[in-house]
Amino acid sequence: MRVTFTANGKPVEADDVWEGESLLYVLRERVGLPGSKNACEQGECGSCTVYLDGVPVCSCLVAAGQVQDREVRTVEGLTEEDGELGLVQQAFVDAGAVQCGFCTPGLLVQTDALLAQDPQPSDTDIREALSGNLCRCTGYEKIMDAVRLASARTCAKAVSE
Amino acid sequence: MEFLRPATWDEALAAKAEYPTALPISGGTDVMVEMNFDVHRPSAILDLNRIGDLATWSIDGDVVRLGAAVPYSRIIDELSEPLPGLALAAHTVGSPQIRNRGSVGGNLGAASPAGDSHPALLAAGRDVFVEAASVRGTRLIPIDDFYTGVKRNSLEADELIRAVHIPVADGPQQFSKIGTRNAMVIAVCAFGFALHPKSRTVGTGIGSAAPTPRRAVEAEEYLQGVLAERGLWESGDLLGSEVVQRFGELVRAAASPIDDVRGTADYRKHALAVMARRTLTWTWNDYSKQIRSAA
């Protein structure tokens, strides 16, 4: 079947999509957006987290056919318009929260969603928000640092604007 | 495989009538796991995402009509006052991403004994109904009659779950769940408990410790008897450790768990007794406070 939707603001089209295929597969293999990672395929690791109509979800658990005419935003869509790293992405780089990097795309989307809802989350809120994103390298401390840094920069930006 | 995309509820019912083996999908948090791992290849997938009504809820008098596809995250945000037990259970589901997609309708459709909604629904009282519909009409299935076996429910092949009717809480409710960690866990076992002061009844729900979610009927009857005999509904006085202990034992006796990868039968029974005592104590303390502050 054919599936058309919006990915990072641009209309995309995928042909010959198998009916049981996941959104994650379509993104990675059919529309050239390999940023979202495939690890567990059962919603446990969060590496494939994307926005679906503004709500963060595991793209491995969304059937491709379900995104027809809907809006998807992936980690690739978190960059600034000029292609520079977005605020959350830069904070992860600056805090050294990226090791092997496999979990990073999901963490970035989930952090972006957290800060959009609550620019100044407590540590408990951060842990809760990221409880569905597994990282096997960092031990999470640098990730916590990155989210705190992104939070501080988000707040500073809001004040300066 | 067919991918059916009804735009309206009537279209969905017509599709389910035409393809009775079609597997309904909403949040996909169960269905897609089976698909990704090739556990299940249905003849057709019936996508319910386009039917906006399914993701709405309303309160009519003292009953919440919860659309089958209202995601757990919205139950937590919007319904924790009228449905405290279910909201607590919803909070223990998976992760934020899973809670953004998963729904009570999906839990009921899958009818896994480990589904987190079930103990809360069972505890919410005898007026909980699953609204099931087909082209033949709509019926309300009492929650006590809904679960029929491991991953089996009383839906007919042409029926879809449209909503769940749950009484607005009139007393404290609790939910407790055992897992290996605090997020992303399937319950080793779970327990839901509710006090219903208006009807002078209590509700229980056991999860993951029998072929189906089930109530601890004897425990409910014992506690109701004690509360009535001693006038505790009126006084809000302490239950005493004997009552709490006995209640825990009766809940334990109501379970018939198995040994599996998540835990042993013995452990589950033990944990259920502990959770029963704790949830009873928490809810009763809340209730006593309400009685005292009203006095």
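Student: In β2(A), which residue is the bridge partner of A:T6?
Tutor: This is a predicted model, in which local features need pLDDT of at least 70, side-chain atom pairs count only at pLDDT 80 or more, and totals for chains, interfaces and linings use all residues. Residues are numbered from 1 along each chain as its sequence is written, while chains are lettered from A and ligands numbered from 1 in the order written. Strand β1 (residues 3-7) of chain A pairs with strand β2 (residues 10-14) of chain A in the antiparallel sense over five bridges, where pairing takes at least two DSSP bridges. Within β2(A), A:T6 has as its bridge partner A:P11.

Student: Which residue takes a positive phi in the hairpin of β1(A) and β2(A)?
Tutor: The hairpin has two residues between its strands. With a phi near 50°, the one to look at is A:N8.

Student: In which loop is A:D53 found?
Tutor: A:D53 is not a glycine, yet its phi is positive, about 50°. It has 12 C-beta neighbours inside 10 Å, so A:D53 counts as exposed; the cut-offs are 12 or fewer for exposed, 20 or more for buried, and partly exposed in between, with C-beta atoms placed from the backbone. Its place in chain A is the loop between β3 (49-52) and β4.

Student: How many helices and strands does chain A have?
Tutor: Helices (H or I, at least four residues) and strands (E, at least two) are DSSP runs, numbered from the N terminus. Read from that end, the elements of chain A go β-β-α-β-β-β-α-α-α-α. The count is five helices and five strands.

Student: What is the radius of gyration of chain A?
Tutor: Along the principal axes, the C-alpha atoms of chain A fill a box of roughly 45 × 35 × 25 Å, and 47% of its 161 residues count as buried. The globule rule, 2.2 Å times the number of residues to the power 0.38, is set against a radius taken over C-alpha atoms. For 161 residues the rule gives 15 Å, and the value for chain A is close to that, so the chain is as compact as a globular protein of that length, with a radius of gyration of 16 Å.

Student: Which strand of chain A gives the most to the side that touches chain B?
Tutor: Contact here takes C-beta atoms, placed from the backbone, within 7 Å, and 24 residues of chain A are in contact with 24 residues of chain B. With four residues, the element of chain A that gives the most is strand β4 (residues 55-58).

Student: What is the order of the open sheet of five strands in chain B?
Tutor: Its edge strands are β4 and β7 (137-142) of chain B, each pairing on one side only. Four bridges join β4(B) to β5(B), which run antiparallel, and B:I59 stands opposite B:V64. The order is β4-β5-β10-β6-β7.

Student: Is B:K151 buried or partly exposed?
Tutor: B:K151 lies in the loop between β8 (147-149) and β9 (152-153) of chain B, and its phi, near 55°, is positive in a residue other than glycine. It has 16 C-beta neighbours inside 10 Å, so B:K151 counts as partly exposed.

Note on methods:
Contact = placed C-beta atoms within 7 Å.
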